[in-house]
Structure formats: structure tokens, C-alpha cells
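Here is my notebook from an afternoon with one structure.

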Amino acid sequence: MCTDTDNNDELNMNNFDEGTTFDSSGEMIDDEEEEYSSSISRSSRSDSNSSSIGSSSDDDSSSGGDDDIMDDYESEGEADAAYEAYGELMGHEDELFVSMNNTINDDNSDTIERQVTIRRQVIVLALPILLIILLTNFAYAGYQLLQLSKDSNDKSIVDKNNNDNDATSTTRYQQFYPANVQEKVYTHNAQDIDDYQLPKHPERIYKHASLSSKNYRAGGILSDEMLHRYEEDGVLVIRNLISPKLLDRLDTASQMLINNGKDRTRKRKQFHMVKNGAIFLGIPSSTNENDDNKVCGSEDASCEAKADKSTEDDNNIILSSFRDLAMYSKIPRVAASLLRLDELRVGGEDNLKHKKRRRQHEEEDVTIDDSINLRISRDIFLTKDDDDYACGWHVDDTGFWPNVASDPGVNAWIALDDMPWEITSSSDSSMTTAADKKTQKCDPVATFALSLGSHRSSWRHEAYDVTGSTHTNPPEGYKSAADLIQRRRGSGTCNIESSAPNLYEKLEQNKVIYDLKKGDVIFHDRWLFHRTVTVGEYDKMTREKSGEQQHEEKKIQTDKIFKRYSIRYAPGSSRIPPGYGVELSVLHDETNANKTLDTIVEKSGSPWYPKVWPHVLKTKPISSKTADEEEIEGITDLVHNKIPRAEVLQKERKKEIQRLLQRG
């Protein structure tokens, strides 16, 4: 409501008491001030009067009268001057009263200003706090809406591969994998990325011993950050996953394989040795309980056989180290988590977390899907010597990875020797910094290079075509060896440097070589491009990095054999390619073509593709057998009967393909 100013002033004047006084400037003087001023005035006048009275008494006693008063001054002018001085003194007293009133008013004004200032400061401090609270509430509300939007908009994967085989497989994923898991497991492989940037420390190696106890994936091994790095870069390296005792057994077993292998005579061969199916080594052919209780005589020939059997048993224990590593170590657990199969099995990521970390789901029942599992699709023991030949940038074809192109997979590449990289050195689970980088002079080694982010690059489809990868295979498969040769695409798995130099340069830009110690495990996506680094190339790169000039190319020779072991893990739902090929399970039974790994094992009763997660298979039968134990019991018949017969057919087909290649 608006009020007129003049009337308001009049109203205010009427509100004062009748006894209220004002000073000369119009300011109100309260009762205490007026009483104080009046008392001083009365006191002053009283002193003046008493002085006059005293003077009068004295004059009367001397009978001077008025005339005697004037006698105190020499003239009338002096008297007037005295009265004038007295008047000035009284005037100064009035000014003093006015000054005191002004001082009191000024003090009141300062107090009011301080109070206003304090209120303003409180408001200034309170406003940001209130604003933060308000923004936090808005952000939380937005997050809730986003989660609701994601839950309501779960959709099937759109596979962007330019291949009919991929399109066919997408439907199978929709049937097998829920939509929320599809997005996490498979969409990152289908999405093209043009602006991938290497992470700040691409050569980082995680150290298992120092990983956070808060990690809830893979039994406490993986964190969300590690999983994110794997999905973005296509690779994750972990140290200390393998026990020293198992590493010693692997070293002995590797040397045993090398010593028993054929002497290498032919050059221009990528690997010094290739041993497929190392998990099937060390399986005894038969057992006879009566042999253990038999007492040997001096001329009993069976005792000599028993001694030979004892040696064989020792060898089997050593060779079984590959199986122990691939099936019973922590490696399968990590591979399953990198594929997010653990999420799928329990119905989502939240159900993986500890109960305290998922309080909102405490009262919900977690449904376990036991059909979700992980199997070994292929395992290979490899050695590399000082031969300069190596396969260029590539992804593994069906010979090394016998699954259709749209199936996911994780390759666990284990270094069985130290393979130092003298440019940088990564340690622990912390980020590698400049202080961690150590310059070291190392003897040349044959190691491993990976092109980070290549599994998601927009140009990867062109690289698939150039190298003739599994993506280029016809959906129905090949009909024969001749059909394979005639319809195959590309210029060869290993020849991208000469056939597509532009793609080769792109792959080289994101090349990473790790400073590996024996036992380090490189987990990489099935479709991440990789290649072997030869001893000669290693020496050349290190010289270039150090600025050392090399005037002529020279052959780098070494007597060392560099060992590595590769295990290809895939979901049990993965399919063997249809049509003509050299896969052992299909050569044993042609109806296994285009079947899932689970189906082949279940139908044949033999663990062609051993199950390694979530249940660890037992090698020793117990009274109450599970399905997993029954599956592994068939391994003896598989190794000593089915695989050898299939290998005979495999050699024949490989020779046939080789002859056709030489003709063409």
C-alpha cells in the first residue's frame, strides 16, 4: 500500500509525547538527554547566582552598595566587557550540548550500519549454499529421470558390420542376451569411432597384488575403471595373476616341448614352434589300479614298464601345467568379467555388488542363469626365434579362432619369458608417470604389439576386407577347398602393409608395446589388431628411439627362444563356422558345423571346448558327480582316440589347400 509523504510526516509528529523536545537542528532529544542538559544548566545557573549573592553580601557588609560594585572596574566599559565575556561562555556551553547530541546520533547510525552489513554478509554466505542444495536436487532428479529413460528404452543391438553373417548373428544375440547386457557387451564392438585417442599412459600394467579390495568383478580382481579401459582400448594387462610355482612348471613344460619338437630347417616361418591344444597335454592314456599293488621281481619285465610309467606320470604332471593355467587359474574369471558374462549370469551389474553396495536390491531375489558360461575355443603354445619373418597387423582367422565373426571373445596372451621394452617401463597399478619411465639397455627380444582402439575404428571393415578376415566368409560357409580358394577375399592375413599402406599407418599410430615380465597376461579383444615384433625390428626401433644411427641393415641373431601361450575364450553360445574347414570337432563329426560350443560338447560327450567358468571342472571323479565332472571325464577318450583321428583328416585338408594355393 502506498502512503503520502506529507501526511506520513504529520502522522509521525503526532506520535511523539507532549514533553518531547528537539534541538536547534530539529533532532529529537529524548528524556534522558534533556534531563542531563537541564541539570547542567541548573547547576551552572545556581553557581552563578550563589556567586552573585556572595558578592552582594560582602558589598553590603562594607556598605558599598551599587556604587561599590562599579568600583571593581575602572570604567563602565570594562564592566560591559565582562558581561560580554560571560555571554560568550554561555554560548560555548550551548554549542557543547549540540555537539554531544550529534555524537550520540552518529553512534546510533554506526550501530545500524554494522547490523545491516552483518545481515548482508549472512545473506551472501547463505545464498551459495542454498544454490548448491538446489542444484544438487535438480541433478539427482535428472539422474533419476535418465535412469528411467534408459530402462524404458532398452533396445536390441544394431550391428553395423557390412556383413550378412553379422546381421544373422545379431538375431541370435537378441535371443540369448538381455537388452541391457547387449548394450554393454556387444555395442562397443559395433560402434564406429573416428576420434579415438590413446590414454595418457597407454603402456600401463595393473599389478594384481595392489588392486583395490573394493573391486567386485572377477572375484575382486577387476574394477569398473579397468573394465572401461578394456572396452575403450581393447586391451588390459595384469601382472601377478599366476603363482610362481605354476610359472616354474610352465617353464619346465615349455622347455620339454621345445626339446621334443622337430629341428627347424625351413626359414621364413612366422613361429619357431606352434602347438595347438596344449590343454590336452599330460592326459594319461589309461590307468590300472592293480599295477600300484604289484611287487616287482628281479626278472619281472613289468617292473621296467612300471618305471617307464612313473616317468610318464611325472611328465604328465609337468605338461598338465598348461591345463591348470587355462582352466583353473584366475585368468578365466577375468575373461568372463571382461565379456560381462558375470553380469549376464546374475541378471545385471547391481547384482554383482556386495549386499551393502546394493541396498536397494536387498529384498529382491537374484536369479542365476546357469546356461551362461565361458569355454576355451582354442589354445596355442608359440615360440619365436630370431627369424625376421612375422605376420603383419591382423586379427585371427578361423584357423586360430574357430568361431563365426559376430561372436565375441577375449584372448589371454601370457608371456612365458621376460620381454622388456627399453623405451618405457610400467610398474604397479598406479599410472605411469615421467618418474616411472626408465631408460634401460636390453638385448633384442621377440615381443608383441597391439594397435589400441582398432577394434572400434570406423575403417576396421576395410582392414577386414584387405586381410580376408573371418568377417568376409560367406554366411553359409565354403563348399570345398577349391571354393575356399576361389571365393576368398583380400590379399592375405599378414600382408596389410603392402596391400593397404594407409591402413598400416593408422594401425602404427596407436601401436603399443608393453614392458613385460614372465607371467604378465595381456587380455585383448578378439577384433583388436595385433602383430609380432621380431628381434630385428625390436633392435631397429630401440636404436631409432635412442638416436643411434645405423648405417646398414644387419641381421640380429640370438640363441634365445621366446615363449608365449595364447588362450582364446568365448561364451558357450559361440558357433563353429559352417561349411568346409579344418576344425577338429567338425572333422570328427560334420554335423558339428554351425553348432554352438555348448551343443557340440553336450552332444558328443567330449570336452572339445572345455568349460572353465563359472564352475571349475574337476579332474578327479567324486561320489556325487555334477554335469561338469561328467563332461571332463570324457577328456581321456577325446585326447587319445577322437583327436588323433581328426588330426589325420586335418593334415590331408591342409595339404589340399596348400596345393591349390601354389597353383593359383
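Which residue forms a salt bridge with E508? I looked it up and found K511, with the closest N and O atoms 3.1 Å apart. A salt bridge here is a side-chain nitrogen of Lys or Arg within 4 Å of a carboxyl oxygen of Asp or Glu. K511 is partly exposed because its relative accessible area is 23%. For that scale, buried means under 20% relative accessible area, exposed means over 50%, and partly exposed is in between (1.4 Å probe, protein chains only).

**Ground rules.** I noted that this is a predicted model, in which local features need pLDDT of at least 70 and side-chain atom pairs count only at pLDDT 80 or more, while totals for chains, interfaces and linings use all residues. Residues are numbered from 1 along each chain as its sequence is written, and side-chain values use heavy atoms, with hydrogens and water left out.

I searched the whole structure and got 23 salt bridges. One of them joins R204 and E225, whose closest N and O atoms are 3.8 Å apart. This pair links distant parts of the chain, 21 residues apart: R204 is in the loop between helix 7 (187–190) and strand 3 (206–207), and E225 is in helix 8 (residues 224–233). Helices (H or I, at least four residues) and strands (E, at least two) are DSSP runs, numbered from the N terminus. R204 counts as buried because its relative accessibility is 14%, while E225, at 38%, counts as partly exposed.

I also found R217, D224, E231, R340 and E343 linked in a network of salt bridges.

**Helix 14.** I next turned to helix 14 (residues 460–467), where 6 of the 8 residues are buried, so the helix is largely enclosed by the rest of the structure. I listed the buried ones as R460, H461, A463, Y464, V466 and T467. D465 is partly exposed, with a relative accessible area of 33%. D465 forms a salt bridge with R489, the closest N and O atoms being 2.9 Å apart. R489 lies in the loop between helix 15 and helix 16, so the pair ties together parts that are 24 residues apart in sequence. R489 is partly exposed too, at 42% relative accessibility.

**The disulfide.** How many disulfides does the count come to? I got 1, taking a disulfide as a pair of cysteine sulfur atoms within 2.5 Å. The partners are C391 and C494, with their sulfur atoms 1.9 Å apart. C391 lies in the loop between strand 6 (374–384) and strand 7 (410–415), and C494 in the loop between helix 15 (481–487) and helix 16 (496–499), so the pair ties together parts 103 residues apart in sequence. The torsion about the S-S bond is about -100 degrees, so this disulfide is left-handed. Is C391 buried or exposed? At 3% relative accessibility, C391 counts as buried.

**Surface patches.** My last entries are about patches, which are made of residues with over 30% relative accessible area and no salt bridge; like charges are joined within 9 Å, and nonpolar side chains (Val, Leu, Ile, Met, Phe, Trp, Tyr) within 5 Å. I123, L127, I129, L130 and I133 form a nonpolar patch with about 500 Å² of accessible area together, using the Shrake-Rupley method with a 1.4 Å probe, where for residues only the protein chains shown count as cover. I133 sits in helix 4 (residues 76–152).
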